[in-house]
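Hi,

Here is the structure I promised to pass on. Have a look, and my notes follow below.

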Amino acid sequence: MSCACGVKAIRLQVQLHTCSLRPPRAPPSQMLSALTPSLPSMPKLLFPYKPQPRPTLATAPLRCFSALTPELKSTLDKVITSNKVVLFMKGTKELPQCGFSSTVVQILKSFNVPFETINVLENDLLRQALKEYSSWPTFPQLYLDGEFFGGCDITVEAYQSGELQELLEKTMCS
Amino acid sequence: MASRGANMMLSRANRIKTKLQSALEATVLEVEDVSYQHAGHAAMKGTSGQETHFNLKIVSPKFDGQSLVKRHRMVYDLLADELQSGLHALSIVAKTPQETSAK
C-alpha cells in the first residue's frame, strides 16, 4: 500500500462518517493490510447520509450502510480458504483483549495446530464487514476449513465434547 | 403487548426476556446481566459499562433439529435491535427440552 492510497482512504472515510470511524492505523500483519486495499475504491453512498453526533463505541451508526464491499468479501473469502484455521478476534494471539477471544486462543493453542488470527480492533470497517460476512454480530469468530464454526460458546462446548478435536484432526489432514 | 415507548422503559434484561419468551416459547429462560465483569476491558472504554454483557440460558422446542450455530443465530436475530443499541456480547446456552431431560 502506498502513502497516497492511505491518504485517499482517510479522506474517503471522513466524507462518509463524521463519527465513530478512526483513520486506519498501519495494520500489524500482512494479512490485515491485504484486507484494506478496497477502501480507496469504496462505492459512493446511494442515499443521503446525515452526520450524527459522535456516538459511544457501542452504538454503530451503520444501519443504512454496508461495510461489506464486493472486494472485501472476496478478500475475506481468500483469507478463510487459504488458512485451515482462522480466528477473527479482539486483540492478537499473543495479547488477546477480550476474555472470550482469549478463551478460544487458549483452546486452539492446546491442540498445537497452526492458526491465523486477525485483530478486528485494528479496523472498524473490517469489524463491521465481518459481522455481515459471517452473519454473526460478535467476536471471536472461528473459521475451520473455510467454514464458519462458531463463537466462544460453541467452541468451548465442542472442545468439551471432543467434537472440536475430531474436526481439527479432519481439517489438518484434508 | 406494551407499546414501543413503554418497552424502552424496561431494563434490557426484561426486554430480552420478553422478546425471547414470545418468539421461542421457551420452557426455561434465564437472563443474567454480567456487564460488571467486563466493565474494565478494552472495547468497553468510554461506555457506561451497563447492560452490555448477558448470560442466556434458553430451553426451547424450537431448537430441535438445529445446529448450535443456527440456534445462536436465531437468538441473535431476535435481539438484533438490542445489539445495535449497546448490547455488546451474549453467552448463550441453547438446548431443547429433550436434551435437558436426557442429562
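Phe88(A) and Tyr143(A) are both buried, meaning under 20% relative accessible area with a 1.4 Å probe and protein chains only. This is a predicted model, in which local features need pLDDT of at least 70, side-chain atom pairs count only at pLDDT 80 or more, and totals for chains, interfaces and linings use all residues. Residues are numbered from 1 along each chain as its sequence is written, chains are lettered from A and ligands numbered from 1 in the order in which they are written, and side-chain values use heavy atoms, leaving out hydrogens and water.

Over all chains, a search of the whole structure gives 6 aromatic pairs (ring centres of Phe, Tyr or Trp, the latter by its six-membered ring, within 6.5 Å; planes under 30 degrees apart are stacked, over 60 edge-to-face, the rest tilted). Phe88(A) and Tyr143(A) make an edge-to-face pair, at 5.7 Å between centres and 90 degrees between planes. Tyr143(A) also pairs edge-to-face with Phe148(A), at 5.5 Å and 70 degrees, and Phe148(A) is buried too. One aromatic cluster takes in Phe88(A), Tyr133(A), Trp136(A), Tyr143(A), Phe148(A) and Tyr76(B).

Now for the helices. α6(A) and α3(B) pack at about 155 degrees with axes 10 Å apart (lines fitted to C-alpha atoms over the stretch in contact, angles from 0 to 180 degrees between N-to-C directions), and are therefore roughly antiparallel, the term for angles over 145 degrees. Asp153(A), Ile154(A) and Glu157(A) meet Leu68(B), Val69(B) and His72(B) there, with contact meaning heavy atoms within 4.5 Å.

Best wishes

Definitions and conventions. Helix = DSSP H or I, 4+ residues; strand = E, 2+ residues; numbered from the N terminus. Parallel < 35°, antiparallel > 145°, perpendicular 65-115°, else oblique. Buried < 20%, exposed > 50% of the residue type's maximum accessible area, 1.4 Å probe, protein only.
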